[in-house]
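Student: I have a structure to read and would like to learn how its features are described. Could you take me through it step by step?

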Amino acid sequence: MVSLMETRTAKELAEVASESDVDRKAGARYPGSVRAQGRFWQARWFIVVRAFSVFIGIWYLVALWVASPIQMPSPFKVLEALIALGRTGELFDHALISATRLVISLVISTLIAVPLGFLMAMNREANAFIDPIVELLRPISGIAWIPLGLFIFGVGGTLPIFIMAYVAFFPLLLNTIDGVKSIDRKLMSAAETMGVSRSARLLHIAVPAALPSVMVGFRIAFASAWAAIIAAELIGSPSGLGFAIEWYRQLLMSPKVFAFIAMIGAIGYLCDLGLRTLQHKLTPWAEGMGIGQ
Amino acid sequence: MNVATMPSKAQPKLRLRNVSKEYVAPRTGQRTLAVSDFTLDVRAGEFLCIVGPSGCGKSTVLNMIAGLDQPTGGDIEMDGHHVRGPGAERGVMFQDYALFPWKSVRDNVGFGLRHGTPGAGLTAAERNDRVNHFVNMVGLAGAEAKFPHQLSGGMKQRVALARLLANGPDVLLMDEPLGALDAQTRMVLQVELLRIWGEAAEEGDRKTVVFITHGIDEAVFLADRVVVMSSHPGRVSAVIDIDIPRPRRESIRSEPRFGQLTDEIWSLIRDEAYQAIA
Amino acid sequence: MTTATQTSRIAQLPPAVKAVTLPALLIVVWQIWAMTLPETSPAPAPAKVVQSFIELTASGDLVWSTLQSLGRVLAGFCVALVLGLSLGVLMGASRAVRENLDPIIESFRPIAPMAILPIAILWFGTGTPAALTIVAYAAFFPLLVNTVYGVSRVDRQLVRAAQTMGVNRLRTIATVIVPAAVPSVLLGSRLAMGVAWTAIIAAELAVGAKSGGGTSGGIGQMMFVFYAYSIDLNGIVVCMIVVGVIALMIDRLFRVAEHRLLPWRN
């Protein structure tokens, strides 16, 4: 439940809540929500554009009022910086470095956490031995490993990968365990009565049943890793997006700081969108199991 | 019953005139007529049951009487006054009880007295007495401090009933209140419901009840009159007088008249019921 | 045959023994490995970590730094609570507010708290206010999202029930909507405190790393000083353990609060 909420937006949650409400009583309707189709000012894209226009407008006014390009650059300055950084390729260089680190660490984490999760969920002995050490390490956030990691790996690319892999490991592991444990025993028994072999049961029942939960875990893992990489690069790496924002902060080149921050948000948003689409494609049965979106 | 000998029955308690309700689907704009041309008088002190196939708009009618839904056409009056919105004089017992999960049995029963209009002018002690009175009446003494999740379905139902009565409504609107219970509990509570309603009391002292159910035998057992609804759109297809004398005992279920009436009602909705599941 | 009896013998061990086995093994191996290193090596060792813990506790540094960090977390959390709750109630109750604010909120959500740090430093310098901003920013999102969820999820049937008992609108909000939303808000608070605690460590570490240390204090800063100046890895490990223990305590505290404050939920 907690994990679900971490991957859903407030609006989605609200809509899920109100829709299930409508279902329960035919009489329950929201008087204000009756809308005709085709009116552009009620379309989703228009609402988004309007919201951003207002936001940028307020930002512009604040920038005027603050009147300090270092503390609060205007949106146009930031746009200029974004274009300039894009032209020189610097924006994409740093982004590519961070993204590569992200992919490497997620692959490492998945390769360890998912098989381990299956083992711990299916074998009580393994769980009894391994779970305590997982629970001992889990409260220690990835960030707290940075100083020790700096000492072990030095300033460079290995530290962010280590931190991200560590951070991504726990949600993946816990959600895998959850997913495997939630497998309906009756399905397993049903397959047994049909003479399905053990390996086929694993492949055709356990894996599909656990996959929705693993995907949720993967999305949380991505989100945590993407948050952690900024800290790791900011403190202990000579490259990447986290490094770039701090570098330009020291140079007091605020528009570029803002531009890189926008890039961090954009990549985070797009990756999550991609993962969501993947989730729908890969596990279309998830919703029926109560693990939506 | 001889209508001519009853003096003040000229004005019905509730009067529904050509009531209709149309829904517009939010996205598609598609219109559905849930209830159409629904005309009915409910007499004061009467126990009226509405039966009909699933989705025939029974609950919609009840919600409109309660003021929770607005009719799209026609008019609903209580004691000659137009019904505008929900009010404590028309108490509702919801299908899933709608008990406040964070309130104990006592606080659930006293909710309306404490926060709503029924408690106006009452001292805390008076409120307390009233809560205790109804808690005892429905047989929940000793369970006052429990939370809803600690209660069985039958007990929750009793809490909902006590809460309904504690607010002192004139009209009791009940939306399949026994629907979620097992068969035995339901039969026990039907008898108890009649006792609490005041079956043994003078007719003038009884509350007016509109009771929604899909159980035909339940309707026959409880009601003075049964309104049979048909669906698509929901409308009155027949009104049947239940001429079984009160007070009613369990034994009436095996009487021939009981069987006749159930069969009569069943024959009225059978076709639609089959269609609904086909 | 022998393997079968062996597994069953392992299975018969008491759970506590099973739980302790791996961590104990890890500590022993770590200690032995550390003892093979020359005396001058800065590598941490379990025995030295314990010694370091005792020294740091005795000097009061550890307690003071922890309290400083906790104070900042609490202050930042309170700011986030006020903002998250008020905005969350508005967004949960009104579809119009929700639709208009959602795009903005959602485009900030993927921006890590640490990414805001350079801006916070530009605005407030490297002192406590910058760290506070990071904490409040981090804690804001879980609070907001869960408040919106809690408020919009309120069982409409309960609201209708209150209406039929003649309860007016304002009273309905106070007696139905607010209590119904409390579980979500508490859950949001627990998640928010968790990320806030992580954020303060990150902020203190980074502020320490970028401002030369010594100015702002806190347990994150302490770690950085151990790394950059005194090269005391045992001290770092002590801090890591403390960070973990505090995280665990915060989590437990909120779970207990959820349990106590919501007796109807069990």
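**Reading a helical chain**

Tutor: At a relative accessibility of 9%, Ile177(A) counts as buried, where buried means under 20% relative accessible area, exposed over 50% and partly exposed in between, with a 1.4 Å probe and protein chains only. This is a predicted model, in which local features need pLDDT of at least 70 and side-chain atom pairs count only at pLDDT 80 or more, while totals for chains, interfaces and linings use all residues. Residues are numbered from 1 along each chain as its sequence is written, chains are lettered from A and ligands numbered from 1 in the order in which they are written, and side-chain values use heavy atoms, with hydrogens and water left out.

Student: In which helix is Ile177(A) found, and which residues does Ile177(A) touch?

Tutor: Helices (H or I, at least four residues) and strands (E, at least two) are DSSP runs, numbered from the N terminus, and Ile177(A) is found in helix α8, residues 158-181 of chain A. Leaving aside residues up to four places away in sequence, Ile177(A) touches Gly117(A), Met120(A) and Ala121(A), a contact being heavy atoms within 4.5 Å.

Student: How many helices and strands does chain A have?

Tutor: The secondary structure of chain A comes to 12 helices and 0 strands, and of its 293 residues 50% count as buried.

Student: Which residues have the most contacts inside the largest nonpolar core?

Tutor: A nonpolar core is a set of buried Ala, Val, Leu, Ile, Met, Phe, Trp, Tyr and Cys residues joined through side-chain atoms within 4.5 Å. The largest one has 128 residues, and those with the most contacts inside it are Ile146(A), Ile245(A), Trp197(C) and Ile201(C). Helix α10 of chain A, residues 198-236, gives the largest share of this core, 17 residues. The residues that Ile245(A) touches include Ile230(A) and Phe260(A), together with Met114(C) and Pro118(C), when residues up to four places away in sequence are not counted.

Student: Which residues of chain A does the "transmembrane region" annotation cover?

Tutor: Such annotations may be inferred rather than shown by experiment; the unreviewed UniProt entry places this one on several spans of chain A, among them residues 45-67 and 257-275. Residues 45-67 of chain A are 96% helix and 0% strand, with end C-alpha atoms 32 Å apart, whereas residues 257-275 are 100% helix and 0% strand, with end C-alpha atoms 27 Å apart.
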